Amino acid sequence: MFQPLLRIAALAASVFAVALAPTAQAQQLTGVTDTEIHIAAWGPQTGPAAPWGAVTRGTAMLFQMVNDAGGIHGRKIVFHPFDDQYNPAKTVAGVKELVEKAPGIFAMASGVGTSPGLAVKDYLMERGIPWVGPAAGSLHWVTPPQKALFAMYPLYADEAKLLVRHLVDKEGKKKIAIFYASDEYGENGHRGAMAELTRLGLKPAVEVSVNQADRDLKSHLLKLKDSGADAVLMWVNPTHAVITLKTAAALQFSPQWATSSTLSDAVMMQAITGGLWKNMIYASFGELPDADVPQVKKYRDAFAKYAQQGERWGVFFMAGIGFVEPLVEGLQRAGRDLTRDSFIKAMESIKGYKGVMGRVTFGPGERQGQREIFLARTDDTGTKVTQLTPWAEVK
Amino acid sequence: MDMKRSYYRDLRLFDTWPLGLWLVVCAALLALVPFFAGNYLMYVLGYIAINAMVALGLNVLVGYTGQISLGHAGFFAIGAYATVLLAKAGVPIPLALVAAAFIAAAFGFLLGLPALRLEGPYLAVITLGFGLTVENIFAKAEFFGGATGPSVPPFSLSLWPGFSREQNLYWLIMLCAGGTILAIRNLMRTRVGRAFVAIRDSDVAAACAGVDLTWYKTLAFAVSAAFTGVAGGLFAFHLGQVDPTTFNLMLSILFLAMVVIGGVGSILGPLLGAVTISLLNLKLKGLKLADFEQIPLAGKEIAGFISRHFMETGMANIQFIVYGGILVLIMVFEPLGLYGLWIRAKRYWRTWPL
């Protein structure tokens, strides 16, 4: 008795399905209207990675400044930052939500973390959504180069090379130990350091890796100490850096420490290590926050006006500006007739642009915009930072 | 609890025909989603369905067999890695998922062996160790892609002409989730399921009644791990990325929380738990201070309190507290979990107007 009914229902369902099918792949949202450009970013504002979330807030300030100066060719930037807590599952959800809700998203700016970034990279690239300045130093952004992905963060391996070169040539260190996190970040630093040591005809005093979950680093530090190292390249996260220095102090182990740009916020590191961030040599991808150069001064002055209560003018906040400056430059160059293609063309025309980071050059096939870095050093009190080397590309 | 008063009622796949009808309607609606919804909705539903599969699988162990596991993120990881590595080696995706189920089940069997001698907190610690070990092995070994994990091949399966990758994946996830529900519901009607329940209620009594404890306890682990493994494989494609640190202790605890919040020892319970926790996970991120000002009566005061004590540079740092608070409230007011709420609502209407 139900047979004919079922058949009709099945027929109706399939007609329904076919009728609806085209709308599913429908309209591509561009995120650009006559008066607005919609740009989004993810960054952890809560959870263990929250200190890096300052990047996103720095980006927000840059856009606010651009809008207050009249916007870009008659359009204001509407910024959609969201907190993903450094959890890729949340990054994907947030990005899809924004990209697929009218009016869509024109481009992504900064975006903190390798693994959140990797989770959305293919999704963005398939849709041709430009992404400028991922706030993580990963080789994944540029190998192979993607049409719409413009990387700013210099390579960790280059930083490690420059640090080793400096330790050996200028500081006269002979026994360099490598202490690195067992993740992509640590591995890249490790690899760069090994390559440079090999080039110099040296062997590392010892190579020690540390797990993300480890909280007691005494055995690690004993290995470093027993190796007789006179310098240690420390490629770990901020929490581990604190534990490392405290444990080393307890063991009366005081080599020359050297570390990556990830730990280049000397003020924060000095605070959370309880004053142990002394005589630290580190790589930096951006001008020092208190540098007396016009590019930095401009933002430092604006910071006093725009920043929320409790915000600090630090390295990460400034990085949020530096990673995204080329995006603003690209929007300016693309002109009033803004499409993703015209924007990408405009980005490729950027040569030797100097903002708060090193010089930035993109081009057809060139997607690693910044390669310049320099070394800096905190003094005996850990409060004053001096630039050790000029901006330079590591060869 | 939801009592069944006859043996034959207990044997039915669906308790009543309206229930069966509703399930078909729900399944049809979910199946139609790709035709009218965007990627975002499919992503959220897929995320929920994957979590539901794990919760249902874990419930076989926790709810039905009375064992515990704090290491299900390990099986989830094994499923994800097995699927990705097999798919990269050219194995068709459905076959890779099936293989992942068997590989995870094999590890489940191994982990089930110590469960023969251990109970309660001791078992919890063993499984905890298992989860942590798996995470570390995947993160260390170069073969598994090291700290960044292996790259995930594109999802190439086509289930419906003209479907995009996301739409095909959504259907596969829903098929697997639906299959999981049916399989577990069916399993619990069989001799095996009854043996699980007998072990939960009293393993000594079960052994006396002829239940082979060695076999059934390890089998419970294996079955539970198999469903979790498939879910892990789907998750790898869903996220498009496998990162060993994703499969951490927190994830194992979340899985267990889904089962407990939802209500142990039922099908609906873990489902509700998975929906609740997944949505809390994805949706609380947008919580802003202005949202608290909407609260009637004390909105202004609450917002003021938060801005004084729980703010980090202008962003509300409150969602963790809200998250935890919701979980605590559910457990305090409904120890049977969300399933308990459902039972009470049902009983209320059945005996209405008493």
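Helices (H or I, at least four residues) and strands (E, at least two) are taken as DSSP runs, with numbering that starts at the N terminus. In those terms, A:P144 sits in the loop between β4 (131-132) and β5 (149-150) of chain A. The model described here is predicted. Chain A has 13 helices and 13 strands, while chain B has 16 helices and two strands. The largest nonpolar core has 210 residues.

**Chain A overall**

- The radius of gyration of chain A is 24 Å, close to the 21 Å that the globule rule gives for 395 residues, so chain A is as compact as a globular protein of that length.
- The C-alpha trace of chain A spans about 85 × 60 × 40 Å along its principal axes.
- Of the 395 residues in chain A, 49% count as buried.
- For contacts in chain A between residues at least 6 apart in sequence, 69% join residues at least 24 apart.

**Chain B overall**

- Chain B has a radius of gyration of 21 Å, which agrees with the value near 20 Å that a compact globule of 354 residues would have.
- The principal axes of chain B give a C-alpha trace of about 65 × 65 × 45 Å.
- Buried residues make up 45% of the 354 residues of chain B.
- In chain B, 75% of the contacts between residues at least 6 apart in sequence join residues at least 24 apart.

**Domains of chain A**

- Ten residues from domain 1 of chain A and eleven residues from domain 2 of chain A take part in the contact.
- On the side of domain 1 of chain A that touches domain 2 of chain A, there are five nonpolar and five polar residues, and no charged residues.

**The largest nonpolar core**

- Within the core of 210 residues, A:F179, A:L233 and B:M53 have the most contacts.
- Helix α3 (residues 39-64) of chain B gives the largest share of this core, 17 residues.
- Domain 1 (36-154 + 292-364) and domain 2 (156-284 + 375-393) of chain A both give residues to this core, so the core lies between them.
- Leaving out residues up to four places away in sequence, A:F179 touches A:V208, A:V210, A:H220, A:L224, A:V232, A:L233, A:M234, A:W235 and A:V236.

**A helix pair in chain B**

- Helix α4 (residues 72-88) of chain B and helix α6 (residues 120-140) of chain B have axes that come within 7 Å and cross at roughly 30°.
- From α4(B), the residues B:A73, B:G74, B:A77, B:I78 and B:Y81 meet B:F130, B:G131, B:V134, B:E135 and B:F138 of α6(B).
- By class, the residues in the contact of α4(B) with α6(B) are seven nonpolar, two polar and one charged.

**Cis peptide bonds in chain A**

- A:A102 and A:P103 are joined by a cis peptide bond, with omega about 5°.
- A:P103 belongs to the loop between α3 (88-100) and β3 (107-109) of chain A.
- Another cis peptide bond joins A:T143 and A:P144, with omega about -5°.

**Positive phi in chain A**

- A:S110, a residue other than glycine, has a positive phi near 45°.
- The position of A:S110 is the loop between β3 and α4 (114-126) of chain A.
- A:S110 counts as buried because it has 31 C-beta neighbours inside 10 Å, the cut-off for buried being 20 or more.
- A:N279, also a residue other than glycine, has a positive phi near 50°.
- The loop between α9 (266-272) and β10 (281-284) of chain A holds A:N279.
- With 13 other C-beta atoms within 10 Å, A:N279 is partly exposed.

**A:N237**

- A:N237 lies in the loop between β8 (231-235) and α8 (238-250) of chain A.
- A:N237 has 17 other C-beta atoms within 10 Å and is therefore partly exposed.
- A:N237 and A:A181 are 56 residues apart along the chain, and their C-alpha atoms are separated by 7.3 Å.

Methods: Residues are numbered from 1 along each chain as its sequence is written. Chains are lettered from A and ligands numbered from 1 in the order in which they are written. This is a predicted model: local features need pLDDT of at least 70, side-chain atom pairs count only at pLDDT 80 or more; totals for chains, interfaces and linings use all residues. A nonpolar core is a set of buried Ala, Val, Leu, Ile, Met, Phe, Trp, Tyr and Cys residues joined through C-beta atoms within 7 Å. A residue is buried if 20 or more other C-beta atoms lie within 10 Å of its own, exposed if 12 or fewer, and partly exposed in between; C-beta atoms are placed from the backbone. Domain bounds come from an automatic or database domain assignment. Two residues are in contact if their C-beta atoms, placed from the backbone, lie within 7 Å. Ala, Val, Leu, Ile, Met, Phe, Trp, Tyr, Cys and Pro count as nonpolar, Asp, Glu, Lys and Arg as charged, and the others, Gly among them, as polar. The radius of gyration is taken over C-alpha atoms; the globule rule is 2.2 Å times the number of residues to the power 0.38. Axes are lines fitted to C-alpha atoms, for helices over the stretch in contact, and angles run from 0 to 180 degrees between N-to-C directions.
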